[in-house]
Amino acid sequence: MNNDKSDHKPTRRRFLARAAAAAAVTPVVSTALAKGALDGNRCDAHAPLAQGTRAEPFYGRHQGGIATAMHRNTYFMAFNMSSSDRSQLIALLKSWTAAAAEITQRNAHSPSDTDESAVPHDSGAATGLLPSRLTVTFGFGPTLFEKNGEDRFGIAKLRPAALADLPRFPGDQLIPERCGGDLSVQASADDPQVAEYAIRRMASAAYGIADIAWAQSGFCSIAKPKETPRNTMGFKDGTMNIRTDDADTMQRFVWVGDEGPAWMQCGSYMVIRPIRIALEHWDRMKLGFQEQTVGRHKNSGAPIGKVHEFDDLDLDAVDSEGNPLIAENAHARLAAPASNDGAQILRKGYSYDNGVARFAERWPPWRQAVTFDSGLLFQCYQRDPRTGFTRMFEKMSRFDMLNQFTTHIGSGVFACPPGAKEGEYIGQALFSA
Ligand code: HEM
């Protein structure tokens, strides 16, 4: 036991030791520590400690940030290569891998720059902050393989068939400045500044090799242990998602298998769609209509006509007049595996809020107004987007009642290779194939 007077200094070890001591006598805090601080994003309203603070492993079979429990914050950034030099691309992937391996594992981010005559090697914005479960996930867009008919990096032949360009969907209002990208990097953490710090480290390593194409940060509310977070429309979002601890389902729908190519096995394809939500319009809708639109009750998250969130979504249930309880064009019906030949995707949506902007309102359409510039940074991982996102959204984009309130304004599809082993860099197998 250290009796030094400086013992009152709040170091992380003492902080956790005190929390653990308190946990021994307070069951509520003990649960929060076990299920929250040490276990990820489970949060207990009674325990401010519950935010995930530990480090997530970087090296491994899969990249972090895919099967990892939802973080509170994310920062997505797409880059376009300004260099056409294959060796510079490889050098960038090596430096990104090394930086991600370092910053995800640093315990309390500490200042490492002391030379006043040199430019610091990073912003210093995470100095003293906890690892916050930081993950950094990398992806390769279709244009990395071939752009305007040009095979800049000698990998055009290695483009997987599953990395197909997404079709244009009815209702798409895509802004070119929020679409595509040769490379994607996503930093997610339980502290917004750690995510921002990480993405700036990556952007700074790309200087002179790749330019920022577009970016979007986002957040996710995490309520109580084992509860499904609500989105900004007020509905529980994620009830019927794939469980990441269900290895069989993850292998069947999320991780690339023998169908290859070999360099993508154990990786996954990510579709990202910033979706603007007309929140003012939504907020003026009657509760019953909101629930019909989603196909679920707002408070409980239960399917219409049921009581509990995880009650079966019975698509055949009818009311006393024989009308379907869950409307034919309700979001939950159109998205359900039963409506899509059994297709499933791993959804990882984060809400975004970019302040306000002047938009032509969806209703009434003649109204020009300053409104919330916010929505859902929709994101999903799958083994093949053609049988995942595209299969599902073809029908939803035409019939979903939710479309009255949502507009897809950006789009991207990226091949996220498997995780790296120590000593390797992310995507190495692609460049040695
Ligand atoms: C702003 C846009 C969107 C919002 C606010 C939203 C919201 C929701 C909500 C509240 C649920 C019900 C709770 C749940 O099961 O998680 C849900 C379910 C679901 N959504 Fe969305 N969603 C959006 C866009 C999309 C898109 C673009 C897709 C895919 C193409 C999608 C796929 C799904 C799936 C697969 C389910 C689960 C269906 C089931 O298995 O029963 N969502 N969504």
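## Salt bridges at a glance

This structure holds 18 salt bridges, a salt bridge being a side-chain nitrogen of Lys or Arg within 4 Å of a carboxyl oxygen of Asp or Glu. Keep in mind that this is a predicted model, where local features need pLDDT of at least 70 and side-chain atom pairs count only at pLDDT 80 or more, while totals for chains, interfaces and linings use all residues. Residues are numbered from 1 along each chain as its sequence is written, and side-chain values use heavy atoms, with hydrogens and water left out.

Let's start with Asp245 and Arg243, whose side chains meet in a salt bridge with N to O at 2.5 Å. (Buried means under 20% relative accessible area, exposed over 50%, and partly exposed in between, using a 1.4 Å probe and protein chains only.)

## A link between distant parts

Next up is Arg383, which forms a salt bridge with Glu259; their closest N and O atoms are 2.8 Å apart. This pair links distant parts of the chain, 124 residues apart. Arg383 sits in the loop between strand E8 (368-382) and helix H10 (389-399), while Glu259 is in the loop between helix H6 (247-253) and strand E5 (268-277). Helices (H or I, at least four residues) and strands (E, at least two) are DSSP runs, numbered from the N terminus.

How accessible are the two partners? Arg383 is partly exposed, with 24% relative accessibility, and Glu259 is partly exposed, with a relative accessible area of 46%.

## A look at Gln290

Now for a residue in helix H8 (residues 287-294): Gln290. Gln290 counts as buried because its relative accessibility is 4%.

What does the side chain of Gln290 reach? It reaches the backbone oxygen of Met285 at 3.4 Å. Leaving aside residues up to four places away in sequence, Gln290 touches Phe235, Trp282, Asp283, Met285 and Lys298, where contact means heavy atoms within 4.5 Å.

How values were computed
Polar contact = N/O pair within 3.5 Å; in protein donor to acceptor, adjacent residues only side chain to side chain.
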